[in-house]
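I opened my notebook to record, entry by entry, what I looked up in this model.

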Amino acid sequence: MATPEIIGSNRSTYTRVACMVCEEKGIEYVLTETALHAAEIRAIHPFGKMPVLRHGDVELFESKAIATWLDRRYPAPFVFPSEPRLAALTEQWVSLVNTVIDRTLIRTYLFAYIAPGTADGKPNRPAIDAVMPAVREQVAVLDKAVAESGHLVGDQFTFATST
Ligand SMILES: N[C@@H](CCC(=O)N[C@@H](CS)C(=O)NCC(=O)O)C(=O)O
């Protein structure tokens, strides 16, 4: 069987979730490190976002689509539950992270430190201060959700945990 090639970067959260699926399932894979918007990425993702996947004759973009392919293509353990309630809960948390929490915690809070856009290169304090209420609120939501079992969905590792 061809070896999956994940094209992206170890520094990219969305690349790492695709790698985590491979790690959890024991899939042998290759991570090809690229810069943001590299030609290898643009060749597959229409907007140049990482990660993308090459696997034999399959090419995919979007981390959840990549994870779904890998989960179905390879045997257990499965990171997308098949039981209806657990499957829906996995979708629920993945969707919330993709639409809300990633924007707050990564694109705004983290980037205010690692790519602050300030004249002196120091953290963007106004941006950090402005986002802190949302950071606290959203981290509290995640904390509450994992309090009982340590997982977002049931008592098992799922793709929701890796996002
Ligand atoms: N919805 C995409 C998001 C991917 C994404 O935003 N990746 C970031 C790196 S973590 C990126 O490529 N950013 C460059 C950009 O947005 O132009 C996915 O799930 O794969």
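Which residues form a nonpolar patch on the surface? I found that Leu110, Phe111, Tyr113 and Ile114 form it, with about 330 Å² of accessible area together. I noted that this is a predicted model, where local features need pLDDT of at least 70 and side-chain atom pairs count only at pLDDT 80 or more, while totals for chains, interfaces and linings use all residues. Residues are numbered from 1 along each chain as its sequence is written, and side-chain values use heavy atoms, with hydrogens and water left out.

I then looked up Phe111, which lies in helix α4 (residues 84–114) and is partly exposed, with a relative accessible area of 32%. I wrote down that buried means under 20% relative accessible area, exposed over 50%, and partly exposed in between (1.4 Å probe, protein chains only).

Next I turned to helix α3 (residues 63–73), whose buried residues are Ser63, Ile66, Ala67, Leu70 and Asp71. Seen down the axis of α3, these fall within an arc of 130 degrees, so they line one face of the helix; the arc is that of the directions from the helix axis to the C-beta atoms. The buried residues of α3 pack against α1 (13–25), β3 (52–55), β4 (58–61) and α6 (159–162), where contact means heavy atoms within 4.5 Å.

Last, I looked up α1, whose buried residues are Thr15, Val17, Ala18, Cys19, Val21, Cys22 and Lys25, and these pack against β1 (5–8), β2 (30–33), α3 and α6. Just after α1, I noted that Gly26 takes a positive phi of about 70 degrees.

Key. Helix = DSSP H or I, 4+ residues; strand = E, 2+ residues; numbered from the N terminus. Patch = residues over 30% accessible without salt bridge, like charges linked within 9 Å, V, L, I, M, F, W, Y side chains within 5 Å. Areas by Shrake-Rupley, 256 points an atom, 1.4 Å probe, with all protein chains shown as cover. Salt bridge = Lys/Arg side-chain N within 4 Å of Asp/Glu carboxyl O.
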